[in-house]
Amino acid sequence: MNDRDVFEYALLRVVPRVERGECFNAGVVVYCRARTFVAARTHLDEAKLRALDPAADVTGVRAALHAVEGVCRGGDDAGQAARDDAGRRFRWLIAPRSTVVQPGPVHTGLTTDPAAEVERLLDLLVR
């Protein structure tokens, strides 16, 4: 019996000065349709942020990253997306945008535990 499910994920990148295009990874969003699961975990490396832009708004960047986590959790933290299902929230979060926090390309994999995947990917690709 195969109990692994397909999941999708995208990295969250911080682009402190959009006009320069320099970025670093600061989070991951994971979606598993079979388990109606969506979650994000973030980690802001302030030293990297300040290296790319000494005048960066650290509080604003941190708030934007936490907002992504809130959208994934749903409920009151999701704002206008509160009533959307997990798939719609994921698709909205991974839509291309020209802001300081941007999603990267979507990748896929197989997992038995989507929540553990979030932590594994955060450790592997962000921290």
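From the N terminus on, the protein chain runs β-β-β-α-α-α-β-α. That makes 4 helices and 4 strands. The model is a predicted one. Its radius of gyration is 15 Å, close to the 14 Å that the globule rule gives for 127 residues, so the chain is as compact as a globular protein of that length. Along its principal axes, the C-alpha trace spans about 50 × 30 × 20 Å.

Contacts across the sequence come next. Take the contacts in the protein chain with a separation of 6 or more: 62% of them join residues 24 or more positions apart. Of the 127 residues, 43% are buried.

Now turn to the interior. In soluble globular proteins, nonpolar side chains tend to be buried together. Here the largest nonpolar core has 25 residues. Val14, Val29, Val38, Leu44, Leu49, Val61 and Leu65 touch the most other members. Which elements each supply at least two residues of this core? Three are strands: β1 (5–14), β2 (24–32) and β3 (37–42). The largest share, 6 residues, comes from α2.

Val61 gives a view of this core from one side chain. Leave aside its neighbours within four places in sequence. Valine 61 is then in contact with Val14, Leu44, Leu49, Val100 and Val101. Val14, Leu44 and Leu49 are themselves among the core residues that touch the most other members.

There is also a second, separate core of 12 residues. Among its members are Tyr9, Val28, Cys32 and Leu122.

Helix α4 (residues 114–125) holds a charged residue, glutamate 117. Is glutamate 117 buried or exposed? Its relative accessibility is 10%, and the cut-off for buried is under 20%, so glutamate 117 counts as buried. What does glutamate 117 touch, not counting residues up to four places away in sequence? The partners are Phe7, Leu110 and Thr111.

Last, the surface and the charges. The protein chain exposes about 7,200 Å². Carbon and sulfur atoms supply 49% of that area. The side chains include 18 positive and 18 negative ones. The centres of the two sets lie 2 Å apart.

How values were computed:
Residues numbered from 1 in each chain as written. Predicted model: local features only at pLDDT ≥ 70, side-chain atom pairs only at ≥ 80, totals over all residues. Heavy atoms only, no water. Core = buried A, V, L, I, M, F, W, Y, C linked by side-chain atoms within 4.5 Å. Buried < 20%, exposed > 50% of the residue type's maximum accessible area, 1.4 Å probe, protein only. Contact = heavy atoms within 4.5 Å. Rg over C-alpha atoms; globule rule 2.2 N^0.38 Å. Areas by Shrake-Rupley, 256 points an atom, 1.4 Å probe, with all protein chains shown as cover. Charge placed at Lys NZ, Arg CZ, Asp CG, Glu CD.
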